[in-house]
Amino acid sequence: MNLILLGAPGAGKGTQAEMLTQQLQIPAISTGNMLREAIANGSALGKQVKQFMDEGSLVPDDLVLSIVAERTAQPDCANGFILDGVPRTLAQAEALNAKGVRIDHVVSIELSDDVIEGRMTGRRVCTKCGASYHIVANPPKTEGICDQCGAEVSIRKDDAPETVRHRLEVYHQLTEVLKDYYKSQGKLRLVEGNQSIEGANAEILAAIGAKL
Ligand code: AP5
Ligand code: MG
């Protein structure tokens, strides 16, 4: 099964992708995590994307598309994958389609902008594996330490309130249109994001017809 998780910044895409990857036994491909890793490694790609990410703007389509093409060609994607944070523009969606990437369901996690700003201030992310936590809604078992890999968790640089506002604007200007694009293909599934993490997860599994 090939899935796309759509939604505004902070809607819960990364949190749900981590759960779905365990439940469905298919890898989650988070372009945000991959780009942050490239920056942390000081790679050529990291140097190209750093400024865009720090200011909360989108990275150029061609850079994102090439890392996605490379990742989806790996053997562990043969039985399906979860795209978290991509596509983000109509051009990215059309490029995936042109490359023959089959998409079964597009889950849009719906959340209003005012709830999002509160979520971002409590978010902590693992500096190594990118796992997402929240100091109230989903704290790590040991304060400051990632449950998955034991590395330190910290505040994401683009979670400063003014950067979050810019990311929300970018979402409404460039990404939200993808809901219409996939709706017209009969693939869009809307899920309420303003509920517990477990509640949203159950709604997603039902929306994609997953039997665990
Ligand atoms: P990316 O990393 O994809 O960030 P984003 O889309 O802005 O989304 P977030 O990761 O901020 O939120 P999320 O929906 O994953 O929420 P989370 O689960 O963490 O992109 C970052 C940057 O990379 C972009 O700005 C751009 O520069 C670049 N980029 C990436 N992909 C790109 C692309 N395709 N094209 C171009 N540029 C690209 O949850 C948020 C918080 O809420 C957490 O603390 C979590 O614990 C908590 N939470 C989650 N669910 C719940 C719940 N139900 N109740 C209470 N709290 C909850
Ligand atoms: Mg995320």
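**Ligand shell, helix packing and backbone exceptions**

A polar side-chain atom of R123 lies 2.7 Å from an oxygen atom of ligand 1. Such a polar contact is a pair of N or O atoms within 3.5 Å. The model is predicted: local features need pLDDT of at least 70, side-chain atom pairs count only at pLDDT 80 or more, and totals for chains, interfaces and linings use all residues. Residues are numbered from 1 along each chain as its sequence is written, chains are lettered from A and ligands numbered from 1 in the order in which they are written, and side-chain values use heavy atoms, with hydrogens and water left out.

T15 also meets ligand 1, with a polar side-chain atom 2.5 Å from a ligand oxygen. G12 contributes a backbone N or O atom, 3.0 Å from an oxygen atom of ligand 1. Taken alone, ligand 1 exposes 1,000 Å², and the protein buries 95% of that (Shrake-Rupley method, 1.4 Å probe). Two or more residues of the shell come from each of α1 (13-24), α2, α6 (113-122) and β6 (132-134). Helices (H or I, at least four residues) and strands (E, at least two) are DSSP runs, numbered from the N terminus. The largest share, four residues, comes from α2.

There are 35 residues around ligand 1, each with a heavy atom within 4 Å of it. T15, S57, S132, Y133 and R167 come nearest. The shell divides into 13 nonpolar, 14 polar and eight charged residues. Here Ala, Val, Leu, Ile, Met, Phe, Trp, Tyr, Cys and Pro count as nonpolar, Asp, Glu, Lys and Arg as charged, and the others, Gly among them, as polar.

Helix α2 (residues 31-41) also packs on helix α4 (residues 61-72). The angle is about 105° and the axes are 11 Å apart. Axes are lines fitted to C-alpha atoms, for helices over the stretch in contact, and angles run from 0 to 180 degrees between N-to-C directions. The two helices are therefore roughly perpendicular (65 to 115 degrees). T31, M34 and L35 of α2 make the contact with V64, I67, V68 and R71 of α4 (heavy atoms within 4.5 Å). Five of these residues are nonpolar, one is polar and one is charged.

Most residues other than glycine have a negative phi, and most peptide bonds are trans. Q25, not a glycine, has a positive phi of about 60°. Q25 is in the loop between α1 and β2 (28-30). A cis peptide bond joins V86 and P87, with omega about 0°. P87 lies in the loop between β3 (81-84) and α5 (90-98).

Notes:
Parallel < 35°, antiparallel > 145°, perpendicular 65-115°, else oblique. Polar contact = N/O pair within 3.5 Å; in protein donor to acceptor, adjacent residues only side chain to side chain.
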